[in-house]
Amino acid sequence: MLRRFLGLVTALVLGSLVLTGPVSATPAKEAPWLPEAAAYRLTLFLGNLEPIPWGEVMRAWSQPYRGSDFSVGAVDWLKAESAVETAPLLDAIARKQRQMVFAEATRLIGLRIGELLDTALAANDTAAAQQAIRTARELFRAFADGIAAADPDASRRIGIAWLELASSSGSSGFLGVGAAPADKASMTAAREIISGYLAENYVVDSFASRDKLTTVPETAARSGRAFEVPPSLPPGSDIFDQNPLPRLVLNFEERGIDETDLPLVAYGDMLFDSTQIFGSPARDLGITCSTCHNRSDVNQRLFIPGASHQPGSIDVDGAFFNPIFNDRRDDPIDIPSLRGLRFTGPYGRDGRLASLRDFTRNVIVNEFGGDEPTPFMLDALIAYMLEFDFLPNSMLMADGRLTEAAPKAALRGEAIFNRPFEGLGNRSCASCHLPDANFLDRQAHDIGSVAQSYKGSRAGALDTPTLLGTAYTAPYFHDGSLPTLAAVVNWFDKTNKLGLTDADRADLTAYLETVGAADKPFEAFDAENTVFRLAFSELTTFASTLETLLPRRDAKHVLLLTDTVAADLAADASTMSNLATRPKVYALANRLSEVGAAVREKNWSAAEKSWATFKTEAAAINEGAY
Ligand code: HEC
Ligand code: HEC
């Protein structure tokens with residue numbers, strides 16, 4: 001059965017695709033896509049990857065997109081709903097012809113819109129006409145960002161035509177009262193504007209070849225001018241924070257030191273949450289370090305089609321984030337936790353970089369195409385990340401042994417964990433996962449979990465990962481190939497012929513679960529500690545570094561801060577449940593923008609003044625109830 005989703009919001013999305021000013025790190029929920037529009041957007045996205053994942057392009061049309069409200073894929077949907085042919089498109093995909101796929105897919109969406117407009121004009125009853133218009137407009141959204149970027153006049157003209165079309169389609173009134181007939185002449189005129197534009201730009205016989213597949217209209221593409229369509233993630237992407245949100249354990253905080261007294265750390269905390277340190281597209285999409293490393297841990301839901309093979313994984317050296325850093329290997333990696341980072345070097349799953357500084361610079365410049373960070377930025381990020389602690393676990397003693405309070409099965413499992421096995425070269429699990437060294441040995445071992453990349457390759461060694469906190473970071477191994485800790489135990493038993501009994505395996509699993517557990521793994525939100533309050537206190541802490549930066553007349557780092565925090569404050573205001581306080585938070589965000597604007601004009605006294613006002617206003621909000 002086909003399931004139709006009714007509550008689609010399109011107007012919002014048409015407007016929000018135009019980027020103004022810095023993008024905040026708080027992603028906005030996107031309206032759902034119709035199957036064929038989703039498949040089209042996915043096709044453009046995947047078609048810009050290098051190499052193109054053709055299997056995924058085919059799946060984009062044959063299956064519903066991740067999180068779709070429809071139970072069928074675009075091809076089946078069209079078969080049931082439309083007379084538009086999908087065969088030419090599917091043929092082009094099967095032949096892996098990039099330009100042809102672009103042309104066929106673009107035409108298909110254009111024709112489909114035309115088909116729906118025909119239905120609307122032919123309809124005798126108002127409800128059917130309006131439904132067709134709504135659907136057509138939802139599909140038109142697939143092209144909207146390209147038109148807005150390349151042809152803003154047309155974008156406005158067509159926007160009005162859609163409104164005209166809907167309003168002239170009549171009204172069925174309420175309980176028979178106030179019914180108005182359709183004004184066919186107005187409808188036809190409005191439809192002409194839309195269809196005329198489609199005919200010139202999207203339903204054309206031959207498209208100019210394109211280096212980058214975008215929704216820029218054909219006339220603009222042929223004009224020879226370059227148009228930047230703001231980057232967007234394809235349908236099915238998820239960059240929202242994990243829910244429940246992992247609890248962040250910062251060493252200084254546990255020792256009772258306030259972050260506002262640690263300006264370098266606070267600045268690093270801000271950078272960890274800043275889109276501004278990355279290049280496009282990461283920056284424009286609102287991606288930050290904490291998008292993937294939620295609260296120093298992992299984001300198990302992060303998913304970007306073509307770059308993730310499952311939630312919580314990402315190919316950071318693929319074509320999407322920075323083409324120049326594309327290693328042309330489709331190798332998404334499970335996001336590692338950064339808890340206890342100062343004990344877990346060398347860095348990278350394979351421990352390729354000994355220095356956290358080198359690793360961090362590589363993330364910013366190479367993986368996400370950002371500008372060269374200043375020494376101060378690297379100092380700050382590292383000062384912050386070195387404060388990440390493991391989650392406290394009262395079942396463990398300081399030397400990593402279980403306490404008496406641990407479950408019996410776990411205690412039995414501890415003995416197995418420490419037992420040498422012939423299959424492990426007379427080593428035990430504990431030889432690599434040293435209990436008194438945070439369950440790791442800071443060595444790389446080839447345990448056979450990495451497929452040989454070529455015959456004779458010896459590059460399968462990976463750093464021993466910690467076992468602390470792992471109860472909350474499924475799936476396991478660098479590629480996330482094992483869904484549970486029990487599966488890891490089975491893997492070792494099988495691969496290394498450990499000869500464990502069912503009971504042994506259950507006990508060893510219980511041990512891993514106990515070692516990997518924590519007293520309070522997640523942030524607990526309630527009426528007092530709201531999502532907004534947490535964000536607000538974070539953002540005002542970030543801002544507190546102005547206290548150090550303004551007297552130093554450090555324009556570059558002040559601006560990086562004000563651009564980041566002003567955008568985030570405004571975005572977080574939108575999550576407030578106390579609507580009355582919202583305008584005050586928006587005003588506060590403006591205050592920070594004022595600091596930035598004054599610094600851009602080198603008017604330091606004005607900047608100091610706005611900063612003083614910010615502090616007063618922030619304190620007032622803090623005292624108020626929200
Ligand atoms: C799109 C997701 C994503 C973003 C954004 C991201 N990372 Fe990572 N991070 C990963 C993945 C995946 C790995 C594992 C990569 C590897 O081993 O090659 C990783 C590894 C790391 C490691 C090594 C951890 C270890 O123990 O080996 C550090 C440190 C790190 N990231 C810091 C950062 C910082 C700092 C930022 C922001 C400047 C950042 N990451 C942004 C996904 C991300
Ligand atoms: C020779 C060193 C070595 C030995 C011995 C060893 N491990 Fe590991 N362990 C590793 C490495 C390396 C990885 C990372 C594998 C990967 O990511 O593909 C790992 C991964 C794991 C993981 C997954 C952690 C995560 O977050 O993904 C668990 C759990 C684990 N080992 C438990 C065990 C148990 C139980 C034993 C004994 C049966 C054992 N290990 C023996 C080196 C070792």
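Start by selecting helix α12: its buried residues (under 20% relative accessible area, with a 1.4 Å probe and protein chains only) pack against α11 (251–254), α14 (289–292), α16 (375–385), α21 (531–543), α22 (546–549) and α23 (555–573). Helices here are DSSP runs (H or I) of at least four residues, numbered from the N terminus, and contact means heavy atoms within 4.5 Å. This is a predicted model, in which local features need pLDDT of at least 70 and side-chain atom pairs count only at pLDDT 80 or more, while totals for chains, interfaces and linings use all residues. Residues are numbered from 1 along each chain as its sequence is written, chains are lettered from A and ligands numbered from 1 in the order in which they are written, and side-chain values use heavy atoms, leaving out hydrogens and water.

Now colour residues 263–272, the whole of α12: eight of its ten residues are buried, including Tyr-267, Asp-269 and Phe-272.

Next, pick Trp-61, Ile-113, Trp-162, Ile-304 and Leu-569. These have the most contacts inside the largest nonpolar core, which has 134 residues; such a core is a set of buried Ala, Val, Leu, Ile, Met, Phe, Trp, Tyr and Cys residues joined through side-chain atoms within 4.5 Å. Helix α6 (residues 98–122) gives the largest share of this core, eleven residues.

Zoom in on Trp-162. Leaving aside residues up to four places away in sequence, Trp-162 touches Ile-113, Leu-117, Ile-133, Ala-136, Arg-137, Phe-140 and Ile-194. Apart from the 134-residue core lies another, of 29 residues, with Phe-421, Leu-424, Leu-468 and Leu-485 among them.

Definitions and conventions: Buried means under 20% relative accessible area, exposed over 50%, partly exposed in between (1.4 Å probe, protein chains only). Helices (H or I, at least four residues) and strands (E, at least two) are DSSP runs, numbered from the N terminus.
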